[in-house]
Amino acid sequence: MTGLLSAADLDPDMLAEMFRLSESFLEVSSRRIPKVPALRGRTVVSLFYEDSTRTRLSFETAAKRLSADVMTFSVGTSSVNKGESVRDTIETIEAMGIDAIVVRHGCAGVPAQVAQWTDAAVVNAGDGAHEHPTQALLDCFTLQQRFGSLDGLRIAIVGDIRHSRVARSDVAMMSALGASVTLVAPATLMPPSLEGWPVATSSSLDDVAGDVDVVYLLRMQTERMGQHLMPSMREYTARFGLTARRAARMNPDAVILHPGPMNRGVEISGEVAELPNALVVDQVRNGVAVRMAVLWWLLGSGTELVPSVDSAVPTADVEDDRG
Amino acid sequence: MAERNRGLDDVVLVGLQTGGVPMAYRMAEALQRIDGADVPVGTLDVAFYRDDIGLRPVLPEAASDMPFDLAGLVVVLVDDVLFTGRTIRAALDALADHGRARSVQLAVMVDRGHRELPIRPDYVGKNLPTRRDEVVNVTDEGVDLGEMVK
């Protein structure tokens, strides 16, 4: 594997391996000195054409805990303002000698395009309304930690499915791991077509909340409210917000996930966000570990990301000096 | 071990993933039997500290588990086979990230020679002269010596 562009790049065996690896990196992160020399001398570039706080910090923290060097490319202060194309930017930074590029862009497909232009490993950190595979990884890892497995888990994804790359990647990965996903949203916030999506749908959170193990709340993208997809925020909250009253009707073992940033009082009420079964903080902590796992897989492990991990066999030209 | 450290009060065993881990638990049992001492056991995975990252596939076996603060302790690293010494080098680096032990010693079941680094064991189960291309496999039943399968 030369990059991580889509949740579909990882089959269930690879995901199991990723989760195992993430456990190792969680342990690293819990140490007094949370840093290993695994990627010393490697350079990771974070190239964010769209605003981001947690994803960018999470990737940079992950790279630094692996001892990689991090180059941060801020579109606001770069030559992009002088009209440089994405391709020229990629060729410029590649000429400096880099090993991985973490890309976020407002247009779907940019990371895949970037991967064609460079030999560096490309990680998709969110492209338009298309995919956000590392978010799906950390969500599934968080659920696996909590429930042991995603097989048979009932998951409701609630909110602005239409504009959500998180929903697309999560639906793909969660259902690949055996969970059954229900999308909950008003018709205006559903994608135009759900053909081929392995999901059920509902337009009432009240109908679904009591029957699921996981309520996954998407951020209400307030910047899109001008498009008259909902009459008002109040109406959205009244029908789709996870209020204390709705949260009380969930199964006692059920958990609440949110990719952040939260709009308290819109899709999630302030008191619900503080409940012990709201795993938002675990998601952030696990995010660093799974991104360490991704970078390690791409740059350090020397193994192809393939289902059978019988890779203890040394390559022919390297002497096995384990011991 | 008990003689050299004048008792086992501050001694902990740290097994290296994966071969050293069962060995460390067996040693802890033995020390319990012989000395009545309760010696804590930790485990350490050194994959991220290896110096051959990028030269060959490296995968961690399992997360490390160090249920004690190393400060002031005597750490005995435990592994099944000592060969080039590179795993032990990586283990010393890994250990330093967990804390500052008072001293570090090394116990191995088999020392098969061919060291590439200035590392020597403090406790050895068996010295086993080998050719470089042979493979040593330590199991509960004993030690296997075979040809490397390429």
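Which residue in S3(A) stands opposite Leu47(A)? I looked this up to begin with, and I found that Leu47(A) faces Phe73(A) in S3(A).

**Ground rules.** I noted that this is a predicted model, in which local features need pLDDT of at least 70 and side-chain atom pairs count only at pLDDT 80 or more, while totals for chains, interfaces and linings use all residues. Residues are numbered from 1 along each chain as its sequence is written, chains are lettered from A and ligands numbered from 1 in the order in which they are written, and side-chain values use heavy atoms, with hydrogens and water left out.

**Sheet of chain A.** I took helices (H or I, at least four residues) and strands (E, at least two) as DSSP runs, numbered from the N terminus, and I counted two strands as paired if DSSP finds at least two bridges between them. Read across, the open sheet of 5 strands in chain A has the order S1-S5-S4-S2-S3, with parallel pairing. Its edge strands are strand S1 (3–4) and S3 of chain A, each of which pairs on one side only. I then looked at S2(A) and S3(A), which run parallel and are joined by 6 bridges. As a reminder to myself, strands of a sheet pair through backbone hydrogen bonds, either parallel or antiparallel.

**Helix H3 of chain A.** For burial I used relative accessible area, with buried meaning under 20%, exposed over 50% and partly exposed in between (1.4 Å probe, protein chains only). In H3(A), residues 86–95, I found Thr89(A), Ile90(A) and Ile93(A) buried. Seen down the axis of H3(A), the buried residues fall within an arc of 100°, so they line one face of the helix; the arc is that of the directions from the helix axis to the C-beta atoms. I next asked what covers them, taking contact as heavy atoms within 4.5 Å, and the cover includes strand S2 (43–48), strand S3 (69–74), strand S4 (100–105) and helix H4 (110–117) of chain A. Just after H3(A), Gly97(A) takes a positive phi of about 90°.

**Strand S2 of chain B.** I saw that Val41(B) and Thr43(B) point one way from strand S2 (residues 41–44) of chain B, that Gly42(B) and Leu44(B) point the other way, and that all are buried. In a regular strand the side chains alternate between the two faces of the sheet. Strand S1 (residues 11–16) of chain B runs parallel to S2(B) and is joined to it by 4 bridges, and the bridge partner of Gly15(B) in S2(B) is Thr43(B).

Asp111(B) lies in strand S4 of chain B and is buried, with a relative accessible area of 10%. For polar contacts I required a pair of N or O atoms within 3.5 Å, where within protein one must be able to donate a hydrogen and the other to accept it, and where residues adjacent in sequence count only if both atoms are side-chain atoms. The side chain of Asp111(B) reaches the backbone nitrogen of Gly113(B) at 3.0 Å. Arg112(B) sits in the loop between strand S4 (103–111) and strand S5 (123–127) of chain B, and Arg112(B) is buried at 6% relative accessible area. A polar atom of the Arg112(B) side chain lies 2.8 Å from the backbone oxygen of Arg131(B). Not counting residues up to four places away in sequence, Arg112(B) touches residues including Phe83(B), Thr130(B) and Glu134(B).

Cys107(A) is partly exposed at 43% relative accessibility, whereas Cys140(A) is buried at 0%.
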